[in-house]
Amino acid sequence: MPHVMSVVSPNLAIASLDHAMWFHRSVRVDDWLLYSIDSPSASGARGFSRGEVYSLDGTLVASTSQEGMLRLIPRP
């Protein structure tokens with residue numbers, strides 16, 4: 001389900017809690033790459049995403065993960 005408000009809203013606090021990238025093999029970064037990403041969990045003001053980077057021939061060359069925090073700042 002889409003979120004009700006935009007992430008550029010002035011009453012949202014957003015922070016990256018941790019992130020990582022693992023390179024599995026050498027790859028040419030001046031060629032086309034596919035970055036496939038999903039978010040399997042979002043609850044309690046935290047969201048988790050994971051991603052995979054594929055070379056042009058479909059080889060998995062890198063993996064990523066990130067956990068973020070998103071909180072609504074109450075208006076005075």
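Mentor: Happy to; we will go from the overall fold to two residues. This is a predicted model, where local features need pLDDT of at least 70, side-chain atom pairs count only at pLDDT 80 or more, and totals for chains, interfaces and linings use all residues. Residues are numbered from 1 along each chain as its sequence is written, and side-chain values use heavy atoms, with hydrogens and water left out.

Trainee: How many helices and strands does the protein have?

Mentor: Helices (H or I, at least four residues) and strands (E, at least two) are DSSP runs, numbered from the N terminus. Here there are zero helices and four strands, giving the pattern β-β-β-β along the sequence.

Trainee: What share of the residues is buried?

Mentor: Buried means under 20% relative accessible area, exposed over 50%, and partly exposed in between (1.4 Å probe, protein chains only). Of the 76 residues, 20% are buried.

Trainee: Where is Ala-45 found, and is it buried or partly exposed?

Mentor: Ala-45 lies in the loop between strand E2 (34-43) and strand E3 (46-54). With 29% relative accessibility, Ala-45 is partly exposed. Ala-45 also has a positive phi of about 70 degrees, although it is not a glycine.

Trainee: Which residues does Gly-68 contact, leaving aside neighbours within four places in sequence?

Mentor: Contact means heavy atoms within 4.5 Å. Gly-68, in strand E4 (residues 60-72), touches Ala-15, Ser-16, Leu-17, Ala-45, Arg-46 and Gly-47. Its C-alpha atom is 7.1 Å from that of Asp-18, 50 residues apart along the chain.
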